[in-house]
Number of protein chains: 2
Amino acid sequence: MRLGVLVSGRGSNLAALLAAEATGRLAPAEIAVVVSNRPDAGALEVARAAGKPVAVVDHRDFADRDRFEHALLAALATHDAEAVILAGFMRVLTPTFVAAFPLRIVNTHPSLLPAFPGHDAPAQAVAHGVKVAGVTVHFVDTGVDTGPIIAQRAVPVLATDDAAALHRRIQVEEHRLLPAVARALAQGRLVCEGRTVVIRAAPGAADADADQLL
Amino acid sequence: MRLGVLVSGRGSNLAALLAAEATGRLAPAEIAVVVSNRPDAGALEVARAAGKPVAVVDHRDFADRDRFEHALLAALATHDAEAVILAGFMRVLTPTFVAAFPLRIVNTHPSLLPAFPGHDAPAQAVAHGVKVAGVTVHFVDTGVDTGPIIAQRAVPVLATDDAAALHRRIQVEEHRLLPAVARALAQGRLVCEGRTVVIRAAPGAADADADQLL
């Protein structure tokens with residue numbers, strides 16, 4: 001399964017996907033193209049250093065969201081992307097884009113959704129005083145961080161944490177989880193039943209392990 | 001510290017508090033009285049079987065919430081309660097009641113707040129399709145499950161879970177956590193700084209253990 005990875009930032013999740021691919025933990029998924037909406041995103045350098053095709057589709061160059069997304073879809077089509085991973089991509093997608101990849105768009109978000117959707121989730125978590133935070137990888141729908149949840153991992157919030165320290169702890173889990181979900185998606189192991197995503201066991205694995213297989 | 005425990009239901013959290021008291025894990029807290037707003041609450045039998053004083057203050061016997069709470073406060077005062085544990089107590093408290101026990105009222109809720117406040121939290125979690133659920137023990141303010149969070153524990157949601165199965169898994173953690181928080185409260189180890197609750201180390205314990213001490 002050929003993945004288009006959409007980025008806006010430094011590219012730490014992209015780096016985790018590339019490392020998984022390089023060590024055989026992403027197959028049968030492969031990264032076909034990395035598309036950034038920001039020409040200065042550090043993720044572009046991460047992609048280039050790994051020898052991956054990159055494209056820049058700057059949202060500021062388009063009169064409206066439809067034309068921006070049309071260009072995004074064109075960049076993905078050029079590289080025959082079959083699924084899309086949002087790896088720190090900071091634009092909300094319209095129904096048109098979402099419909100182009102039904103249950104084939106995955107986002108990662110640094111909170112245990114439905115808690116703390118939107119921007120700066122680790123800062124929201126610290127301000128709220130929660131003691132458990134985490135990461136959510138989910139299918140994308142047209143809301144903000146509202147789609148069916150594929151997998152979540154919890155991390156503790158420590159008394160000494162500021163938002164940055166908490167975010168780093170969340171990212172350790174995120175960088176493990178996102179490639180594992182991308183692989184499971186490519187293996188056809190993610191089954192969506194309403195809002196509930198069931199992860200089927202990998203071929204040869206015991207059914208009882210299904211929840212542990214990411 | 002003499003605790004008044006408010007109940008409405010079967011009394012599983014009360015039973016956990018009683019078991020902790022019987023085995024020395026609650027001291028210097030002690031259960032002074034158990035008050036139910038429902039005359040048929042199973043928790044009353046749990047309390048009586050342990051030899052604890054009980055009181056019934058049926059909210060249906062009172063013309064308004066103020067008079068109901070006045071009777072609750074009187075029942076607590078009769079037994080010299082210094083702090084209040086809501087152990088499955090299903091009535092929202094007014095500012096008058098909350099002000100009578102400043103930072104001395106603790107509630108337990110079967111979700112990782114701020115996710116899924118209110119009724120039937122495990123059913124809400126299953127319906128939403130989350131993969132991580134949990135329990136929150138928090139100070140009570142005048143909102144519904146909105147007060148400063150003292151402690152949280154996460155549990156996995158399994159593909160086979162219905163709300164009842166998930167609730168049972170949450171309760172295993174809840175029945176450990178609530179007595180530990182009650183003890184820490186009585187030891188004066190819970191420090192509230194805005195919305196953030198810091199748990200100070202027990203006397204003799206290493207500071208680094210503070211987050212693990214519940």
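Biologist: Where is Ala27(A) in this predicted model, and why is Ala27(A) called partly exposed?

Modeller: Ala27(A) sits in the loop between helix 1 and strand 2 of chain A. The relative accessibility of Ala27(A) is 39%. Buried means under 20% and exposed means over 50%, with partly exposed in between, so at 39% Ala27(A) counts as partly exposed.

Biologist: What does Ala27(A) touch, not counting residues up to four places away in sequence?

Modeller: Arg183(A) and Gln187(A). A contact here means heavy atoms within 4.5 Å. As for Gln152(A), 125 residues from Ala27(A) along the chain, the two C-alpha atoms are separated by 21 Å.

Biologist: Why is His138(A) called buried?

Modeller: His138(A) has a relative accessible area of 2%, and the cut-off for buried is under 20%; therefore His138(A) counts as buried. His138(A) is part of strand 6, residues 132–139 of chain A. Leaving out residues up to four places away in sequence, His138(A) touches a set of residues including Ile105(A), Asn107(A), Leu113(A), Asp145(A) and Ile150(A).

Biologist: Asp145(A) is among those contacts. What makes the phi of Asp145(A) worth a remark?

Modeller: Phi of Asp145(A) is near 65°, a positive value in a residue other than glycine. Most residues other than glycine have a negative phi. Asp145(A) lies in the loop between strand 6 and strand 7 of chain A. With a relative accessible area of 17%, Asp145(A) is buried, because the value is under 20%.

Biologist: What is found for Asp145(B), and is Asp145(B) buried or exposed?

Modeller: Asp145(B) has a positive phi of about 65°, and its place is the loop between strand 6 and strand 7 of chain B. At 15% relative accessibility, Asp145(B) counts as buried.

Biologist: Leu113(A) was also among the contacts of His138(A). How do you know which kind of peptide bond joins Leu113(A) to Pro114(A)?

Modeller: From omega, which is near 15°; the bond is cis. Most peptide bonds are trans. Pro114(A) lies in the loop between strand 5 and helix 5 of chain A. In chain B, a cis peptide bond joins Leu113(B) and Pro114(B), with omega about 15°.

Biologist: How do you know where the buried residues of helix 5 of chain A lie on the helix?

Modeller: The buried residues of helix 5, residues 121–128, are Ala121(A), Pro122(A) and Ala125(A). Seen down the helix axis they fall within an arc of 100°, so they line one face of helix 5. They pack against strand 5 and helix 6 of chain A. Just after helix 5, Gly129(A) has a positive phi of about 80°.

Biologist: Which residues of helix 2 of chain A are buried, and how do they lie around the axis?

Modeller: Ala43(A), Leu44(A) and Ala47(A) are the buried residues of helix 2. Their arc is within 105°, so they line one face of the helix. Strand 1, helix 1, strand 2 and strand 3 of chain A are among the elements that cover them. Gly51(A), with a positive phi near 75°, follows helix 2.

Biologist: What radius of gyration does chain A have, and why does the value agree with a compact globule?

Modeller: With 214 residues, a compact globule would have a radius of gyration near 17 Å; chain A has 17 Å, so the two agree. Of the residues of chain A, 50% count as buried. The chain has six helices and nine strands.

Conventions:
Residues are numbered from 1 along each chain as its sequence is written. Chains are lettered from A and ligands numbered from 1 in the order in which they are written. This is a predicted model: local features need pLDDT of at least 70, side-chain atom pairs count only at pLDDT 80 or more; totals for chains, interfaces and linings use all residues. Side-chain values use heavy atoms; hydrogens and water are left out. Helices (H or I, at least four residues) and strands (E, at least two) are DSSP runs, numbered from the N terminus. The radius of gyration is taken over C-alpha atoms; the globule rule is 2.2 Å times the number of residues to the power 0.38. Buried means under 20% relative accessible area, exposed over 50%, partly exposed in between (1.4 Å probe, protein chains only). The arc is that of the directions from the helix axis to the C-beta atoms.
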